[in-house]
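Work through the following exercises with the sequence and the coordinates at hand. Each task is followed by a solution in steps.

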Amino acid sequence: MSARDTPSERLHAYLDGELRGLARWRFERRLVRDPAMRQELAALEETSRLLREVEAEASAPDLWEAIRLRLPALDAQRAEVGESLAAPRSRLWALSPWVGVGVAAAALALAIGVEWGDASAAGSVRWIDSRGSPLMVLQDDSKATIIWVIEGEPGDLSGRSGRVLI
Amino acid sequence: MAAEDPGPIAFEVTVVHVSSGKGGVQSSDRARRVDRIIGPQIKYDSLRVLDFVRRQVPLDQIGSVKLPSGKRFRFRPMDLSDVGVLVAVDVEQSAQGDFRIPRGKPFVFGGQRYQDGQLVILLELDY
């Protein structure tokens, strides 16, 4: 990202998840103040959504199933978890391995880079990057937001009570 | 028209150690409160409050707390609204993200290995 980037180029970079850190929050602050830019972003998102729909329709289901069968188990698991993420504007950036665990938490995300495009009224998480480590959102409601990163040996993550066991 | 400067935002940072070792929950109001917040989600046999600090951080400035592990916990308030403060959080060599932290709702980050257990960091608004 250079200083000569136009607002439009920044908008595309933001939409593609390429803005990080300082550049990202600066852009989001500008977005808050600039209704025209928000409108442009919404239009781009709509275009992107329509393109995804067209692409999805163009892919024969049997071809996808054939490809999916060849994917490693973790990738298949990742797809399933990804499909279950409820927020319609959620976007996954990174394709690092997801790890399935049996934690029966209210909100659970095992990802390396996850963005909640539009956090719910109670939810606090906008995006998280755990730099390669499995990560869980154990709770994200009106009472608290609890994020847990699993470093090294994870121990027992499938506690009988549905809690992370230390 | 320039937005009014809200001034520094007051934060509280509590650093806790949890482990499967003996000891139970430390006998203090702060430790018991942390236990009430994280206990339903995380099972441990020992909980100790290691540090508690207050920080006044203006918008777009960085608040920093050195953790017992030697790593830093950094946070940058980015936007203040009636639904809370949007905060960019960075736990050195562990994770980073953006979180909306409303008043009265703690943000908890845990999992960093420390001694025989893990560190848990609570970030809350203090106003």
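This is a predicted model: local features need pLDDT of at least 70, side-chain atom pairs count only at pLDDT 80 or more; totals for chains, interfaces and linings use all residues.

Residues are numbered from 1 along each chain as its sequence is written, while chains are lettered from A and ligands numbered from 1 in the order in which they are written.

**Exercise 1.** Describe the elements of chain A and the confidence assigned to them.

Step 1. Helices (H or I, at least four residues) and strands (E, at least two) are DSSP runs numbered from the N terminus. Chain A has 5 helices and 6 strands, in the order α-α-α-α-α-β-β-β-β-β-β.

Step 2. The predictor's confidence in each residue is its pLDDT, from 0 to 100. The average for chain A is 62, and 47% of the residues score at least 70. Among the elements of chain A, the lowest mean pLDDT, 26, belongs to strand β1 (residues 91–92), and the highest, 91, to strand β5 (residues 145–149).

Step 3. In chain A, pLDDT is below 50 over residues 64–113 and stays under 50 over residues 154–161.

**Exercise 2.** Characterise the side of chain B that touches chain A.

Step 1. Two residues are in contact if their C-beta atoms, placed from the backbone, lie within 7 Å. On this criterion, 31 residues of chain B are in contact with 33 residues of chain A.

Step 2. The residues on the chain B side comprise 14 nonpolar, 11 polar and 6 charged. Here Ala, Val, Leu, Ile, Met, Phe, Trp, Tyr, Cys and Pro count as nonpolar, Asp, Glu, Lys and Arg as charged, and the others, Gly among them, as polar.

Step 3. Strands pair if DSSP finds at least two bridges between them. Strand β3 (residues 125–129) of chain A runs antiparallel to β8(B), joined by 4 bridges; A:Asp129 stands opposite B:Gln96.

**Exercise 3.** Which strands pair with β1(B), and why is β1(B) largely enclosed?

Step 1. β1(B) is joined to strand β4 (residues 46–57) of chain B by 11 antiparallel bridges, with B:Phe11 partnered by B:Arg55.

Step 2. β1(B) also pairs with β10(B) in the antiparallel sense over 9 bridges; B:Thr14 has B:Leu122 as its partner.

Step 3. A residue is buried if 20 or more other C-beta atoms, placed from the backbone, lie within 10 Å of its own. Because 8 of its 11 residues are buried, β1(B) is largely enclosed by the rest of the structure.

Conventions: A residue is buried if 20 or more other C-beta atoms lie within 10 Å of its own, exposed if 12 or fewer, and partly exposed in between; C-beta atoms are placed from the backbone.
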